[in-house]
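Subject: Structure for your records

Hello,

Here is the structure I said I would pass on. My notes on it follow below the display.

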Amino acid sequence: MSGGKMKFCFIFLIVMNIFSLIMYASDKSRALKKQWRIKESTLLGLGFFGGAFGAIIGMKFFHHKTRHNNFWMVNIIGVIWQTALIIFLLIRHN
């Protein structure tokens, strides 16, 4: 894999994790204010498709969705595959 593709993958994961964290913070704020909420499927998708670390940090830091087993399960699966991807990219690059 070329350096450009690897750099893109890392930037993608960083952006997804930051965005995921922001979305968990926003949804928690909206929940407290009894406002329109972000769909659970959106939060789950963000975690699974690149933002699992940010999602878990958001869950713990904002005490949001921590009682929902499906959020833990999806985000842990996301952490596993995203960690595997990072390891693969690092090994392949060297």
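**Salt bridges and helix packing**

Arg37 has a relative accessibility of 32% and therefore counts as partly exposed; here buried means under 20% relative accessible area, exposed over 50%, and partly exposed in between, with a 1.4 Å probe and protein chains only. Before the rest, a note on the source: this is a predicted model, in which local features need pLDDT of at least 70 and side-chain atom pairs count only at pLDDT 80 or more, while totals for chains, interfaces and linings use all residues. Residues are numbered from 1 along each chain as its sequence is written, and side-chain values use heavy atoms, with hydrogens and water left out.

Side chains of opposite charge can pair when their charged atoms come close. A salt bridge is taken as a side-chain nitrogen of Lys or Arg within 4 Å of a carboxyl oxygen of Asp or Glu. By this rule there are two salt bridges.

One of them joins Arg37 to Asp27, with 3.0 Å between the closest N and O atoms. Arg37 is in the loop between α1 and α2, Asp27 is in helix α1, and the two are 10 residues apart. (Helices are DSSP runs of H or I with at least four residues, numbered from the N terminus.) Asp27 has a relative accessible area of 0%, so Asp27 is buried.

The other salt bridge is between the side chains of Glu40 and Lys65, at 3.0 Å from N to O. Glu40 belongs to helix α2 and Lys65 to the loop between α2 and α3 (69–93), so this pair ties together parts that are 25 residues apart in sequence. Glu40 is partly exposed at 34% relative accessibility, whereas Lys65 is buried at 11%.

Now the helices. Helix α1 (residues 3–32) packs with helix α2 (residues 40–62) at an angle of about 55°, and their axes are 7 Å apart. Axes are lines fitted to C-alpha atoms, for helices over the stretch in contact, and angles run from 0 to 180 degrees between N-to-C directions. That angle makes α1 oblique to α2, because angles under 35 degrees count as roughly parallel, over 145 as roughly antiparallel, 65 to 115 as roughly perpendicular and the rest as oblique. By class, 17 nonpolar, seven polar and two charged residues make up the contact of α1 with α2.

Last, Ser20 lies in helix α1 and is buried, at 0% relative accessibility. A polar atom of the Ser20 side chain is 3.4 Å from the backbone nitrogen of Ala55.

Regards

Notes. Nonpolar A, V, L, I, M, F, W, Y, C, P; charged D, E, K, R; others polar. Polar contact = N/O pair within 3.5 Å; in protein donor to acceptor, adjacent residues only side chain to side chain.
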